[in-house]
Amino acid sequence: MRRSPDFMAVAHGQYDVERWVDGGAICEEDMVAEEVPVALVYNGFSHAVMMTTPQDLEDFALGFSLSEGIITDACELYDIEVVEHPQGCEVQMRIAGERFAGLRQRRRAMAGRTGCGLCGIESLNQIVARPVGTVNASRGVLHTGALSRAQAELHARQHLFHLTGAVHAAAWCGLDGAVALVREDVGRHNALDKLIGAVAAHGDAFDEGFVLMTSRASYEIVQKAAAVGIAVVAAVSAPTGMAVRLAEAAGVTLIGFARGARHSVYSHPQRIH
């Protein structure tokens with residue numbers, strides 16, 4: 001796969017702020033996370049515009065393509081190039097002709113916003129019709145101690161969050177809890193797509209680890225994980241009911257409130273020992 005040169009957009013900026021402490025104001029500079037519109041363009045056709053933190057955009061584009069079922073394997077994405085414009089960015093991709101034909105058949109207007117996973121869906125039937133997949137029951141067995149280790153390692157690697165306090169993180173963890181990859185974004189779904197793309201680009205198998213999210217576990221977090229065969233998803237906050245039902249149906253072990261040595265397993269607990 002041919003990749004573009006390193007993209008130079010800045011993920012955070014410095015802004016003046018009047019900070020009030022104990023009834024008094026202090027003028028300081030503060031680090032603020034950036035978000036920009038990013039157009040995902042397939043074979044010259046603009047498919048989606050997402051509001052995204054402008055880093056790891058190639059990972060984001062690959063992960064989005066996989067988790068949305070646009071391609072089924074990273075090798076079907078032939079070329080990718082990030083182009084900066086005054087108003088935002090384009091990620092220009094060339095995908096296999098068969099996959100592009102399928103994309104054109106299900107063309108729809110789709111716009112993404114921070115923290116919104118179903119923006120652009122035009123009817124309720126489209127939600128049910130989205131590809132999910134079923135995870136193999138034998139995948140992803142781990143010990144509860146792995147969750148605690150992953151949380152500790154992820155906290156130390158949330159670099160943009162420590163600067164700005166404004167982004168979510170998604171971590172790819174080995175079954176022993178060692179954190180291999182971390183991606184951050186203002187949108188939790190974007191962070192997961194970036195992570196999925198990074199895992200695929202590294203050639204790692206999705207059945208050899210689990211995902212840890214610093215957000216709640218919503219429907220689309222589970223949908224994206226199941227679409228690529230991730231068997232275990234852990235989140236530091238609560239799941240939604242729709243996410244629990246989807247996880248049960250798709251064979252995903254869904255863990256919420258993963259905080260230190262405590263966590264709650266909402267579906268397929270047989271993978272946790």
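Before I turn to particular residues, let me say that a residue is called buried when its relative accessible area is under 20%, and that what we have here is a predicted model. With that cut-off in mind, F64, at 1% relative accessibility, counts as buried, and F60, at 0% relative accessibility, counts as buried as well.

These two phenylalanines both belong to helix α1, which covers residues 57-67, and they sit four residues apart, about one turn of the helix. A search of the whole structure finds three aromatic pairs, and in the one formed by F60 and F64 the ring centres are 6.2 Å apart while the planes meet at 50°, so this pair is classed as tilted.

Another pair is that of W172 and F206, whose ring centres are 6.1 Å apart and whose planes stand at 75°, so here the arrangement is edge-to-face. This pair links distant parts of the chain, since W172 lies in strand β8 (residues 168-174) and F206 in the loop between α6 (188-202) and β10 (209-213), 34 residues apart. W172 and F206 are both buried.

Let me finish with a pair of helices, α7 (residues 219-228) and α8 (residues 241-250), whose axes come within 8 Å and cross at roughly 20°; the two are therefore roughly parallel to each other, and the crossing in which α7 passes α8 is right-handed. On the α7 side the contact is made by Y219, V222, Q223 and A226, and on the α8 side by M242, A243, L246, A247 and A250. Sorted by class, this contact of α7 with α8 comprises eight nonpolar residues and one polar residue, with no charged residues.

Key
Residues numbered from 1 in each chain as written. Predicted model: local features only at pLDDT ≥ 70, side-chain atom pairs only at ≥ 80, totals over all residues. Heavy atoms only, no water. Axes fitted to C-alpha atoms, helices over the stretch in contact; angles between N-to-C directions. Parallel < 35°, antiparallel > 145°, perpendicular 65-115°, else oblique. Left-handed = near helix turned anticlockwise from the far one by under 90°. Contact = heavy atoms within 4.5 Å. Nonpolar A, V, L, I, M, F, W, Y, C, P; charged D, E, K, R; others polar. Phe/Tyr/Trp six-rings, centres within 6.5 Å; stacked < 30°, edge-to-face > 60°. Buried < 20%, exposed > 50% of the residue type's maximum accessible area, 1.4 Å probe, protein only.
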